[in-house]
Amino acid sequence: MQTPSEANTQKGGIGWVWSMTGGLISRMSGGKPGPKSVPARSKKKGFWNKRQTKLPGTVKQVRGAQYPPLTGGATPVSEQPDSKFGSRPSTAKMTPIEEKKNLEKTTGFKGKGVSEAKEASDSATEPQEKKKEKTVIDKKTSANALSKRAQIFRLINEPHLDMSQLRRRSWSGLCPAVRADVWQLILGYQPTNRQRRGPTMAKRRKEYKDFCRKYYLEDESEYSSSEKKIMHQIDLDTPRTLPGVKLLQHKSIQTLLRRTLYIWSIRHPASGYVQGMNDLVVPFLFVFLASKVGVEPTQLEEKHLLPEHLDVVEADCFWCLSKLLDGIQDHYTASQPGIQRMVYKLQELIHRLDKPLHEHLKKHQIRFFDFAYKWMNCLLMREVSLELIIRVWDTYIAEPEGFTVFHVYMCAAMLKKFSPELVALKDFQDLILYLQNLPTEKWTEKDVETVLAQAFVYMYQFEGAESHLQ
């Protein structure tokens, strides 16, 4: 039995406990003496001052983290059994032959080199990944479109329309189901009071029919010389209206354009008909007719040209065209001061936004009026496809001054987008041909929306701050 002095040296350790209990019990029971006393701990306190204990086997004590123990003969990761979440990826470097066999096994391509099999594997899996990603994006886009359409339906069906909210929700584009009503509401053709919309539109459609009976004569010999001159110019322009759109060449559509433009010119003698107005009827025509028959504007066919639909659409086109031209009528009066003002402002913007491009055009004697006149006169109808111009007009109509102020910034954003290509051209003829035929054939709605967003940024920066343009 140990002396008290020995017990004191082992105080706080397991040896002391054993010496006082285990040893005594062992001796009383006649058993073997207990284990050797463990040396006393260090007087220093702290977690990191634990003694180094050699545990059985080759497992080493790990401090500071709870890592799983590794046995002395640890199995390589590549050879360990698969977990419930799938097979374990191998970290061991394979030889080219092993890699080739593995790729042939996983891809099914035999007889190919390692690099070829790897490329084949990538090309085989990439379409599936892209397809899944596209499906997710399409679902999100569809959900957003449905939510937006529901919000706009709620807005336009309220007893008293909140026009500012409607403009805000229309800026980023509209779906075909609501586009016709929204355009007519913002332009002022339909009243904001829901109860008055039906009677008001019926009255205006009847009024247009009266205009047709009064002004549009079947016997052209009854026209005066000035009226014949107007009709002659319209007859020259209507067959040229967007020649790439086949439906516009149909006889019923040609008659609709001819009658609409003629009646507008007779009722607005200050400007009369001006070449280019024929293009401005087309977006209204396709949007309103598509809404009547329940298809996309680009899906319209000859079978949709029913007389009962065309009569209503023609009246709606006339009134909406009138609302549009009322805001830009100085584009078509003598010397066209509105267009000249917009072209000059575009030139100032480019000088401020892209001075190298401005100097490049000036160096090669390119005047902005040589190419921008058409942009202002036809509102970019000849620069992008009909499908995309309808999207552009969603924003133009939503903007309070979309066809006058915002349109200039849109033209500036387009020029800025093509600036690298323009600066690379060193010949007058190449430059003017490029500017008059911008390569937008492959543009998508995303491209147009990027330019629209950039135009909004420019307008936010410079509109109302003319000193920044000097």
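The model is predicted, so local features need pLDDT of at least 70 and side-chain atom pairs count only at pLDDT 80 or more, while totals for chains, interfaces and linings use all residues. Residues are numbered from 1 along each chain as its sequence is written, and side-chain values use heavy atoms, with hydrogens and water left out.

**Overall fold**

The chain holds 19 helices and zero strands. Helices (H or I, at least four residues) and strands (E, at least two) are DSSP runs, numbered from the N terminus. Of the 470 residues, 39% are buried, where buried means under 20% relative accessible area, exposed over 50% and partly exposed in between, with a 1.4 Å probe and protein chains only. Among contacts (heavy atoms within 4.5 Å) with a separation of 6 or more, 66% join residues 24 or more positions apart.

**Pocket and cavity**

Both kinds of space are found on a 1 Å grid over the protein atoms alone: a cavity is a set of points where a 1.4 Å probe fits but cannot get out, and a pocket is an open set with protein on both sides within 12 Å along at least five of seven lines; lining residues have an atom within 4 Å of a point. Grid points are joined across faces, edges and corners, and a volume is the space filled by probe spheres set on the points.

The largest pocket has a volume of about 690 Å³. Its lining has 21 residues, and Leu174, Cys175, Arg179, Glu445 and Glu449 lie nearest the centre. Helices H4 (114–156), H6 (176–187), H15 (386–398) and H19 (445–462) each supply at least two lining residues, with the largest share, six residues, coming from H4. By class, the pocket lining has seven nonpolar, five polar and nine charged residues. Here Ala, Val, Leu, Ile, Met, Phe, Trp, Tyr, Cys and Pro count as nonpolar, Asp, Glu, Lys and Arg as charged, and the others, Gly among them, as polar.

One cavity of 30 Å³ or more is found in the whole structure. The largest cavity, at about 30 Å³, is lined by Leu247, Leu248, Ile253, Leu285, Phe286, Leu289 and Leu300. Helix H10 gives the largest share of that lining, three residues. The cavity lining comprises seven nonpolar, no polar and no charged residues.

**Helix H18**

In helix H18 (residues 428–436), the buried residues are Leu431, Ile432, Tyr434 and Leu435. Seen down the axis of H18, they fall within an arc of 160°, so they line one face of the helix; the arc is that of the directions from the helix axis to the C-beta atoms. Their cover includes helices H13 (355–363), H14 (368–378), H16 (402–417) and H17 (419–424).

| Residue | Relative accessible area |
|---|---|
| Cys212 | 15% |
| Cys411 | 0% |
| Ser271 | 14% |
| Gln336 | 16% |
| Leu380 | 2% |

Ser271 lies in the loop between helix H9 (251–267) and helix H10 (277–293). Beyond its neighbours within four places in sequence, Ser271 contacts Trp264, Met277, Gln329, Tyr332 and Thr333.

Gln336 is placed in the loop between helix H11 (307–327) and helix H12 (337–353). Phi of Gln336 is near 45°, a positive value in a residue other than glycine. Leu380, in the loop between H14 and H15, has a positive phi near 65° and is likewise a residue other than glycine.

The structure holds zero disulfides, a disulfide being a pair of cysteine sulfur atoms within 2.5 Å.
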